[in-house]
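Biologist: I'm new to this model and would like to learn how to read it. Could you take me through it feature by feature?

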Amino acid sequence: MAQRQTLTEKKRNRIIGWWSAIGLLCLVGWQQGNPALWGLAILVWGYYQMFAVPTLCGVETSRGTPCRFRAYGRLMACTREPSHDVDKRNVLLRLIGLGRPQRPITAPAAGRPRRAGSAAAMPAPPFEAASIESKQLFLAIVSIVITAIGTIATIIQTMTA
Ligand SMILES: [Zn+2]
């Protein structure tokens, strides 16, 4: 009967599995002289970096320190804090110009009576945009750029082959 793997062994085996697949694609691509296989290796590497690599969450918390919980993939956030997933996605989408701009809560519509001391009359809470630790953000951008280059190169090579 097979022994049960510990969590650390499972993690290690998963990392070995990914790198074996990437290495194998590189080796086969090199031996066959097929550039499309190199592109495939880059795509597998990119997928691994963006969605599977063990890393840190890195979302800046309200205390100003980056979140130190585990995340799997540079585009992913930790599962301990559900808001980090939304924060990280918003930061990355804003980078490519697709994110919704974060706005403070708007004042109630004109014409509605305001009662002194009511919640509506209170000033809006200070605007706080979420951010990601610069190192995590840099690695995420590098992964995206390399994957994009790999994808474009593979398409061009496939079309010109
Ligand atoms: Zn987190």
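Biologist: How many residues does helix 2 have, and what does it reach from its first C-alpha to its last?

Modeller: Helices are DSSP runs (H or I, at least four residues), numbered from the N terminus. The expected span is 1.5 Å times one less than the number of residues. Helix 2 (residues 35-51) has 17 residues and reaches 24 Å, close to the 24 Å expected. This is a predicted model: local features need pLDDT of at least 70, side-chain atom pairs count only at pLDDT 80 or more, and totals for chains, interfaces and linings use all residues. Residues are numbered from 1 along each chain as its sequence is written.

Biologist: Which residues of helix 2 are buried?

Modeller: Buried means 20 or more other C-beta atoms within 10 Å of a residue's own, exposed means 12 or fewer, and partly exposed is in between; C-beta atoms are placed from the backbone. In helix 2, Leu37, Gly39, Ala41, Ile42, Trp45, Gly46, Tyr48 and Gln49 are buried. Their cover includes helix 1 (7-32) and helix 4 (134-160).

Biologist: What does UniProt annotate here?

Modeller: The unreviewed entry gives "transmembrane region" for residues 12-30, 36-59 and 137-156; such annotations may be inferred rather than shown by experiment. In the model, residues 137-156 are 100% helix, whereas residues 36-59 are 67% helix and 12% strand.

How values were computed
Helix = DSSP H or I, 4+ residues; strand = E, 2+ residues; numbered from the N terminus. Contact = placed C-beta atoms within 7 Å.
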